[in-house]
Amino acid sequence: MAAVVHHEMSPILKSTSSQWVLQVALDVPVSVSNTGVFDYAPCEVEWSSPDDWLGRAVLVSFGRQQVVGWVVGHAAQTDVPADKLKAISAVLAFVPRADGMWLQLIRFMARYYQRGLGEVALPALPTALRTASQFQEVDGRLSLGVGKQAWKKWQAMSVAPAPLSLSAGLLLSEEQERVLAQLTQAAQAPRQSPQLLFGITGSGKTEIYLQYLAGVLANHPDAQVLVLVPEINLTPQFYARLTARFGDDAVVSLHSKLNESTRLVNFWRASSGHARVILGTRLSILTQLPNLAAIVVDEEHDSSYRQQEGVRYSARDVAIYRAHQLNIPIILGSATPSLETWHAAQTGKYGLHILRQRAISGAKPPAVQLVDTNKTIMMDGLSTALRSVIDKTLAAGKTSLLFQNRRGYAPVLYCGHCGAVNDCTACSAHMVYHQTTRLLHCHHCGTQKRVPKACASCGNADLLPVGQGTQRLEETVQNHWKAARVRRIDADITRKKGQLETQLADIAAGEVDIIIGTQMLAKGHDWPNLTTVGVLDVDGGLFAQDYRAPERLFAQLQQVIGRAGRGQHAGHVIIQTTFPEHPLWRHILAHDYESFAADELAVRAQLGLPPFAAHALLQVAAPRIKDALEFANAARTAALNIIDEHGFDTLTINAAVPMQMMRKNAQERAQLLIESPQRSKLQAFLPHWQAALTQLKSRLTWFVEVDPAEI
Ligand SMILES: Nc1ncnc2c1ncn2[C@@H]1O[C@H](COP(=O)(O)OP(=O)(O)OP(=O)(O)O)[C@@H](O)[C@H]1O
Ligand SMILES: [Zn+2]
């Protein structure tokens, strides 16, 4: 395993002539350069072999700017004329050198997701390290701008892999013990395969991860382990459990809400091999970890693992590749596995380990009751049954959670006179009325505007907020239960620094009676005092168009239901619905993921949808839909030509169509879906198509998403 060394600040050296050129990956879109790799001459360094350059972060001039890049290869020749070939400006010793495995990972991602190497590789660095202007020349040496203090702090740290200070784990239940033994056994196999830990909510998966990882870390004094969680707001609780078990010095977290200085130090600690336990959100899967020995992906089904900007990848899938590449164990944990993972476990491709009971003895899955809102008197969205359960919960000194997956006050501001609603001018969407800011917000493009005094169409001054969001629910609840301590948790409160932390701390301290929250709250949290959950207004999800909608809704409901009754006290869940006959409820009432998954997989198999097929989706955006469709149709013709020429016979090229939400951010969007029952056929086709698309030389924005989240 690699030793940990501290880097000196690197000298800036002038160029020399050389027999070979270096290939440097830069973060430019694929529409500019298919590969994202550019040739440079080496600058003068103490190393003699071109191999010594591999994996170094460097500063180079590109156009009129200095930019940061990675050296990913070298070659004997270049097409760049000698007088045009520029030399590398400096080697950035602030970035630990990447090893061959990491370069291979980046290559795999670029190929699989059809993007440039630099587009994949550069986001692996904290912003301060990939921004050329942050590097300043002082006395012939490079110094870091904003990161200077962080660098000093890191330089003062011990360079060796951090020692663990291990605390004893909990005494495992029989079931946990058995699963831990199975996982340990699986880790002995000569060829590792992913292991699915399918455990109901509250079954003690986290404790198993901790004890499993303790074993891995004890095996080797340098070993590093990576724990992925889907959401930043899950990191504080998880971090606390990790540091309590492994010691403060051994654990770092990596996510985008850290301040730049902490982010830098944590990045150095992780990428140098110093930190032993790395807790991160999806972006951390790109971090170089020289001694990586095991990976855990918690809530593996969660859609937050999909990167939706820039290179669109699934961090879960990249984690699986990374484990495969290094032949190290990977555990995928979930109470509601993704159907892809479940299918792989059913067919024996992945190991399967099941926890059917709650970890705390006596704790049971909560009783779930459906309330037919057609047949009951509703008061401000709350049924009589729900109100009376909340009354009882309050009287018992316990906590209730109301799940309302829509933030803001009301989703529509409606003119009672002419029926006009307030729509976003840039998106095909209504603007949501927010009472806290007294503004209309577009949840798609972020536009905000003042609430109009009167209807723009007819002048009527009486505009009505219609429908319910979390803010309105908060108001209703507080009016109804005047003495109750009510807290709302949704994405809006996270904008104020520290507010989320305070709210979560209040809840954990048992100082909250009624919690109102969106899906942000639904997962992962462990509050023993929470006994009652009310689910409001999820009917929209029953009839959504996307084929993954039932899977998402089932997972979301299982998660939110799973927050109730985790301690010694029985839980009670009330779901309000206008469609009590919908088949999904049968599985929910029975807490039966397996029957749900079997039904859903049968549908997918019949329709030839993932995991029984692979998808790639072209998305095109233009000011006018006509132009977007024109490009998508040209892309379709190009695809058909490639199939004619190369004979990729199993591919289906669908028609180019406007996207379901056509307008967004003042752009109109079209899409084109390509399907194949065999992933390898689709993968073989994509590079040809990507090259053809680049040839179309359009100024429109377009990209291809491999394994798209939604179609
Ligand atoms: N062996 C054990 N003995 C006693 N308590 C345990 C044991 N294992 C876990 N617990 C406790 O049970 C509760 C639930 O465990 P944990 O949060 O790990 O469940 P989980 O399976 O990760 O749940 P979820 O999927 O809902 O997040 C926690 O309070 C945890 O401390
Ligand atoms: Zn908008």
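How many helices and strands does the secondary structure of the protein come to? The count is 20 helices and 32 strands, where helices (H or I, at least four residues) and strands (E, at least two) are DSSP runs numbered from the N terminus.

## Model and confidence

What you see is a predicted model, in which local features need pLDDT of at least 70, side-chain atom pairs count only at pLDDT 80 or more, and totals for chains, interfaces and linings use all residues. Residues are numbered from 1 along each chain as its sequence is written, while chains are lettered from A and ligands numbered from 1 in the order in which they are written.

The average pLDDT, the predictor's confidence in each residue from 0 to 100, is 90 for the protein, and 97% of the residues score at least 70. Residues 1–16 fall below 50, and beyond near neighbours in sequence this stretch has 44 contacts in the model. The scores for the model are ipTM 0.96 and pTM 0.91.

## Overall shape

Along the principal axes, the C-alpha atoms fill a box of roughly 85 × 65 × 55 Å.

An automatic or database domain assignment divides the protein into domain 1 (21–146), domain 2 (174–355), domain 3 (367–407 + 469–603) and domain 4 (614–706). The centres of domain 1 and domain 3, over C-alpha atoms, are 49 Å apart.

## The annotated cysteines

Let's turn to a site from the record. An unreviewed UniProt entry lists C424, C427, C442 and C445 under "binding site"; positions are in the numbering used here, feature names are shortened, and annotations may be inferred rather than shown by experiment. These residues are spread over 22 residues of sequence, yet cluster in space, with a largest C-alpha distance of 8.7 Å.

C427 sits in the loop between β19 (412–415) and β20 (432–434). It counts as buried because it has 21 C-beta neighbours inside 10 Å; the cut-offs are 20 or more other C-beta atoms within 10 Å for buried, 12 or fewer for exposed and anything in between for partly exposed, with C-beta atoms placed from the backbone. Beyond four places in sequence, C427 is in contact (C-beta atoms, placed from the backbone, within 7 Å) with C442, H444, C445, R663, K664 and N665.

C445 lies in the loop between β21 (439–441) and β22 (448–450). With 17 other C-beta atoms within 10 Å, C445 is partly exposed. Its contacts, leaving aside neighbours within four places in sequence, are C424, A426, C427, K664 and N665.

Note on methods. Two residues are in contact if their C-beta atoms, placed from the backbone, lie within 7 Å.
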